[in-house]
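Look at the structure, then read the points below.

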Amino acid sequence: TRLALLSLMAITLSGCISLSSTEKYKLAELKSKGVQVPEEHIKSPPLAGALNLLPGFGNFYLAAGSNESEQWLVGFMNLLFWPISILWGIPEAIIDAGTINKRDTIYFYMFGPGKEILEDRFGEESSPP
């Protein structure tokens with residue numbers, strides 16, 4: 001049973017949200033321009049982790065109001081395996097909240113009002129496409 005539990009934890013943690021290579025490139029580009037990343041905190045990592053003390057609530061918090069619909073499924077899986085899911089659910093929610101915040105910062109500067117801010121600061125050529 002110990003091996004099964006470790007395997008389940010590894011599978012769940014490997015399900016953490018990750019940035020695409022394009023997003024990583026844009027993140028590095030924003031950092032080089034002096035942008036604090038993540039600049040926007042739409043999801044609180046400590047709150048997401050704390051909410052996962054309850055069955056899947058941290059993942060439901062991450063899914064609500066975001067484009068991260070897979071968090072609903074992860075939250076449901078954590079609900080099914082609660083209370084043992086606390087072991088992987090808390091760090092997973094903290095990591096995912098940070099990634100959501102980074103992704104939001106990238107989109108803010110690529111497609112939102114931040115794009116104009118960068119254009120004003122650095123000119124059109126150096127702004128993200």
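**Packing of α5 and α6**

In this predicted model, helix α5 (residues 70-80) packs with helix α6 (residues 86-111) at an angle of about 165 degrees, and their axes lie 11 Å apart. Axes are lines fitted to C-alpha atoms, for helices over the stretch in contact, and angles run from 0 to 180 degrees between N-to-C directions. The two helices are therefore roughly antiparallel to each other (angles over 145 degrees).

**The contact**
- Gln71, Val74 and Asn78 in α5 meet Trp88, Gly89, Glu92 and Asp96 in α6 (contact means heavy atoms within 4.5 Å).
- By class, this contact of α5 with α6 has 2 nonpolar, 3 polar and 2 charged residues.

**The chain**
- The chain has 7 helices and 0 strands; helices (H or I, at least four residues) and strands (E, at least two) are DSSP runs, numbered from the N terminus.
- Along the sequence the pattern reads α-α-α-α-α-α-α.
- Of the contacts with a separation of 6 or more, 65% join residues 24 or more positions apart.

**Burial and surface**
- Buried residues make up 40% of the 129 residues (buried means under 20% relative accessible area, 1.4 Å probe, protein chains only).
- The chain exposes about 7400 Å², and carbon and sulfur atoms supply 64% of that area (Shrake-Rupley method, 1.4 Å probe).

**Basis**
- Residues are numbered from 1 along each chain as its sequence is written, and side-chain values use heavy atoms, with hydrogens and water left out.
- Local features need pLDDT of at least 70, side-chain atom pairs count only at pLDDT 80 or more, and totals for chains, interfaces and linings use all residues.

Notes: Angles under 35 degrees count as roughly parallel, over 145 as roughly antiparallel, 65 to 115 as roughly perpendicular and the rest as oblique. Ala, Val, Leu, Ile, Met, Phe, Trp, Tyr, Cys and Pro count as nonpolar, Asp, Glu, Lys and Arg as charged, and the others, Gly among them, as polar. Buried means under 20% relative accessible area, exposed over 50%, partly exposed in between (1.4 Å probe, protein chains only).
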